[in-house]
Amino acid sequence: MARAVLFGTPVSPGIAIGRVRFMHKLWQDEERRITPAEVEAEQAALRLAAENVRVSLQKTMDNVPEDLAEYREIIAAQMEMARDAKLLNTASARIEQKLIAAPWALRLTVDELCALFRGMDDPYLRDRAQDIRAVGLRLRESLSTGPSETRGAAEPGVLVAEDLSPADVMELNLDCVLGILTTEGGPTSHTAILSRSLRIPCLSSVTGLVTVARENEQVIIDGLGGCVLLDPDEADMARYEARRLEYTSWEEFTLKTARWPAEMCDGVRVVVQANLESSEELAAVPCSGADGVGLYRTEFAYLKGRLPNEEELLAEYALVAQKISPERVVFRTLDVGADKMLHAQAALKEPNPALGLRGIRFCLRHQGLFRTQLRALMRAGVHGNVAIMLPMVSGMDEVQQVRRIMQEMHQELSAQNLQHAPELPLGVMIETPAAALICDALARECDFFSIGTNDLIHYIMGIDRNNRHVAYLNEPLHPAVVRSLKHIVDAAHREGIGVSVCGELASDPLGMALLLGMGVDTISVAPRFVPGLKHLIRQLRAETCMELAHSVLMSTDVAASRRMVREQLHQSLGPELAFHTTSLLIHSQP
């Protein structure tokens, strides 16, 4: 029996067995007070630490291999953060005003900025707190005894840290990294994206990790079930070694067949696309077998301390379109508000940002910024198969306004003799109850629908995604949710437009089967999950999925619906269901 079992969020699947290697020392700086005479020296030490971090990051960036070149951009962004006036000036002011040592002032400042980002509704932006934390850890190390000895370690092991950044990982001998465990981050964090691309099992948000784990003790990462076994016994080791071999064999097979069509046993073809957080994930798309990109998030370019210009956006969008061509890439327009874009510390003080000025609401309020993005997207349209998707839509007038703006952009670009695509497909995210209720009218204004199940479920159920006290209401099989999904699909098909699902429910094999039974045309998931889901689809029958969807739609008992879905899919897919990690239904409470 293991000494302890901890639980976390599986962000990169697999089983890893190895010994603990701490990446960073715990942030337990002495809360030392200083005299006024020491203030200048502490401030100078902080400035020197920042300069050392920038030099270190520059060396790391210069040594990034070409096959991971996309991570240079992230490291460059962290270099900028290490000289950010808000971070350094705030910490310096704390040293002077509170008469505290630089490490203590730095910790308070980093915690404050991280809290601002973590309070944001968008999961991608919440995970950007990781960048602040990563820079803070490097500054702290530079202030104390220098870099951790784990960097460049030659012995294989499981990396344990509060958080990791791409720069941290680039400094490691990746052949020696068997798995990664962090207390911070989430599915869209850089650590998660990088570990998936490197096929390294990884759990984030592991409760109690850095205080319970011990350097050099044996550990098992179950990146399928979401748990960590510390100091496992022989029975645990044997069981998980067998499970690791089973999963590795299964994953190798799905990769070999990734480019096969996702065609069900009775001949129904399903389109399986990839969700991309940024251009850093582009390299993962071809080998995944994805039929294009169903969701490309455009927020990353706006999180670097200044607004990107049209040419910078065009370069990014054209690159993505070219790499994905001839398959389609769906660009979601900016889905942040002013508080989340440039200066988190100067956040817009909305009482409830989740219900505030975000998505298309923000873009139509700040049309100068929005028009720059639309111009870049229309110009990128000549480089590939590009479509535009609007987030957080709640009414037809929003779609109509965007169409008018795009017509104006077409006239402007034509007058300037700039090549562009005059009529890009325009779709909407169905993620608000308002959009779900008027989807029949929206279908007449749009070229396609994409259902964002994460937000749709939260808004239908009236819950805060960050509130653990109401997490039990995050229920995909609630009758209100499943009936809304079916209503959306039927409305789209009556008007002859396609429907995709890009939320977490599409990554869940049980949820996927239910969605296919409702008639969803396309599912869009993280590249890592595309091969496995395509393999599972090839074992399903459309008729079985339709019968399952009908039974769930007729049910008002959530527990009974969950049993029906599990039993039916176990008959079709058996033990392979256990090889998927992002499962709302598998891991939900009975």
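Visitor: What should I know about the model before reading it?
Guide: Because the model is predicted, local features need pLDDT of at least 70 and side-chain atom pairs count only at pLDDT 80 or more, while totals for chains, interfaces and linings use all residues. Residues are numbered from 1 along each chain as its sequence is written, and side-chain values use heavy atoms, with hydrogens and water left out.

Visitor: In what order do the strands of the open sheet stand?
Guide: Strands of a sheet pair through backbone hydrogen bonds, either parallel or antiparallel. Here the open sheet has 8 strands in the order S1-S8-S7-S3-S4-S5-S6-S2, with mixed pairing; strands are DSSP runs (E, at least two residues; helices are H or I, at least four), numbered from the N terminus, and two of them pair if DSSP finds at least two bridges between them. Strands S1 (4-7) and S2 (9-12) stand at the edges with a single partner strand each, so one side of each has no neighbour in the sheet. Strand S3 (residues 15-22) runs antiparallel to strand S7 (residues 218-222), joined by 5 bridges, and Ile 17 stands opposite Ile 220 in S7.

Visitor: How many aromatic pairs does the structure hold?
Guide: A pair of aromatic rings is described by the distance of the centres and the angle of the planes. The structure holds 3 such pairs, where rings of Phe, Tyr and Trp (its six-membered ring) pair if their centres lie within 6.5 Å, and planes under 30 degrees apart count as stacked, over 60 as edge-to-face and the rest as tilted. The rings of Tyr 296 and Phe 331 have centres 5.2 Å apart and planes at 65°, so this pair is edge-to-face. Tyr 296 lies in strand S11 (residues 293-297) and Phe 331 in strand S12 (residues 328-332), so the pair ties together parts 35 residues apart in sequence.

Visitor: Which residue forms a salt bridge with Glu 299, and are the two buried or exposed?
Guide: Side chains of opposite charge can pair when their charged atoms come close. A salt bridge is a side-chain nitrogen of Lys or Arg within 4 Å of a carboxyl oxygen of Asp or Glu, and Glu 299 forms one with Arg 332, the closest N and O atoms being 3.2 Å apart. Both Glu 299 and Arg 332 are buried (under 20% relative accessible area, with exposed over 50% and partly exposed in between, for a 1.4 Å probe and protein chains only). Glu 299 and Arg 332 also belong to a salt-bridge network with Asp 335, Arg 358 and Asp 455.
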